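Dear colleague,

I am handing over the structure we spoke of, with a short account of what was found in it. Please look at it below before reading on.

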Amino acid sequence: MTTIDFQLKDDILIACIKGDLDHHSAAGLREEIDEAMQAFYAKHLVLDFNGVGFMDSSGIGVIMGRYNKVKEKKGKIYITGCSEYVRRILDMAGIFTITQLEETRQSAIDSIQGNVAMQMRMEVI
Amino acid sequence: MENKMKVEFSSRPENESFARGTAAAFVATLDPTMEELTEIKTGVSEAVSNAIIHGYENNVEGIVVMECILDEDRRVTIIISDAGVGIPDVAKAREPMFTTGKPEERSGMGFTVMESFMDKVAVDSSPGKGTTITMLKYLDTGHDL
């Protein structure tokens with residue numbers, strides 16, 4: 001059984017995926033993430049793969065689909081908690097050219113908030 | 001001496017994890033590394049998903065056949081076949097990012113992942129008859145020597 005734990009920090013939705021990510025579980029994951037993004041008016045998405053035991057190319061499809069939706073809101077996707085093996089698969093599809101890889105969930109949040117602060121400063125100047 | 005197994009199952013997405021788990025359990029008798037097992041599971045998962053999504057076009061009444069052969073030089077052969085619609089252009093289907101599914105949700109990376117995790121991938125397909133994917137993996141012998 002694959003599940004997602006959601007956390008919300010300002011306009012950032014953090015989705016921690018637990019279990020196997022294959023074609024079978026991908027359909028439900030996509031739907032749950034999209035519903036949560038809408039329900040919480042989230043702009044950015046942090047995907048935490050720390051609890052993912054198995055993943056095939058369906059994981060790439062899930063990220064690409066979410067990227068298109070988040071981009072419409074001018075948000076960004078951050079990926080964290082990748083095992084070496086998950087990273088290898090995502091790298092094959094060039095996922096890290098459209099998302100940002102972070103070591104931890106916290107560094108992803110800091111990175112988003114840091115970017116926001118930087119933008120605000122630029123506007124003031 | 002060769003060791004063989006063969007299973008048949010319905011083309012239901014929930015059987016994807018059954019297939020890769022079964023293949024992994026069988027290959028485990030050769031005492032592979034965790035990395036090798038994960039790579040084999042990924043190859044099986046991609047091939048079985050392809051049979052279900054593309055071969056049988058998500059119709060759950062199809063039958064997917066998985067055969068696994070282990071031989072004495074630690075060579076693993078996995079054959080996954082379906083009697084679905086077949087692939088009109090195999091070379092095109094193997095190209096990275098090519099998909100006939102919804103491009104926003106399907107990455108088209110299935111064959112690329114199979115090819116990079118397995119040592120050899122052969123595709124035999126005829127439209128209207130079905131597709132057979134044969135994957136080879138040579139397990140490391142390092143820890144035996």
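A residue is called buried here if 20 or more other C-beta atoms lie within 10 Å of its own, with C-beta atoms placed from the backbone. Please keep in mind that this is a predicted model.

By that criterion, the buried residues of helix α2 of chain A are Ser58(A), Gly59(A), Ile60(A), Gly61(A), Val62(A), Ile63(A), Met64(A), Gly65(A), Arg66(A) and Val70(A). These buried residues pack against three helices or strands among others, including β2 (12-21), α1 (23-39) and β3 (44-55) of chain A, and the list also includes β4 (77-80) and α3 (84-92). The helix covers residues 58-72, and because 15 residues at 1.5 Å each should span 21 Å, the 22 Å between its end C-alpha atoms agrees with expectation. Just after α2(A), Lys74(A) adopts a positive phi of about 60°.

The largest nonpolar core contains 63 residues, and Leu45(A), Val46(A), Leu47(A) and Ala23(B) have the most contacts inside it. Leaving aside residues up to four places away in sequence, Leu45(A) touches Leu13(A), Ala15(A), Met37(A), Arg66(A), Val70(A), Gly75(A) and Ile77(A).

As for chain B, its four helices and five strands follow the order β-α-α-β-β-α-α-β-β from the N terminus. Its radius of gyration is 15 Å, which agrees with the value near 15 Å for a compact globule of 145 residues, and 41% of those residues count as buried. Of the contacts in chain B between residues at least 6 apart in sequence, 66% join residues at least 24 apart.

With best regards

Note on methods: Residues are numbered from 1 along each chain as its sequence is written. Chains are lettered from A and ligands numbered from 1 in the order in which they are written. This is a predicted model: local features need pLDDT of at least 70, side-chain atom pairs count only at pLDDT 80 or more; totals for chains, interfaces and linings use all residues. Helices (H or I, at least four residues) and strands (E, at least two) are DSSP runs, numbered from the N terminus. The radius of gyration is taken over C-alpha atoms; the globule rule is 2.2 Å times the number of residues to the power 0.38. A residue is buried if 20 or more other C-beta atoms lie within 10 Å of its own, exposed if 12 or fewer, and partly exposed in between; C-beta atoms are placed from the backbone. Two residues are in contact if their C-beta atoms, placed from the backbone, lie within 7 Å. A nonpolar core is a set of buried Ala, Val, Leu, Ile, Met, Phe, Trp, Tyr and Cys residues joined through C-beta atoms within 7 Å. The expected span of a helix is 1.5 Å times one less than its number of residues.
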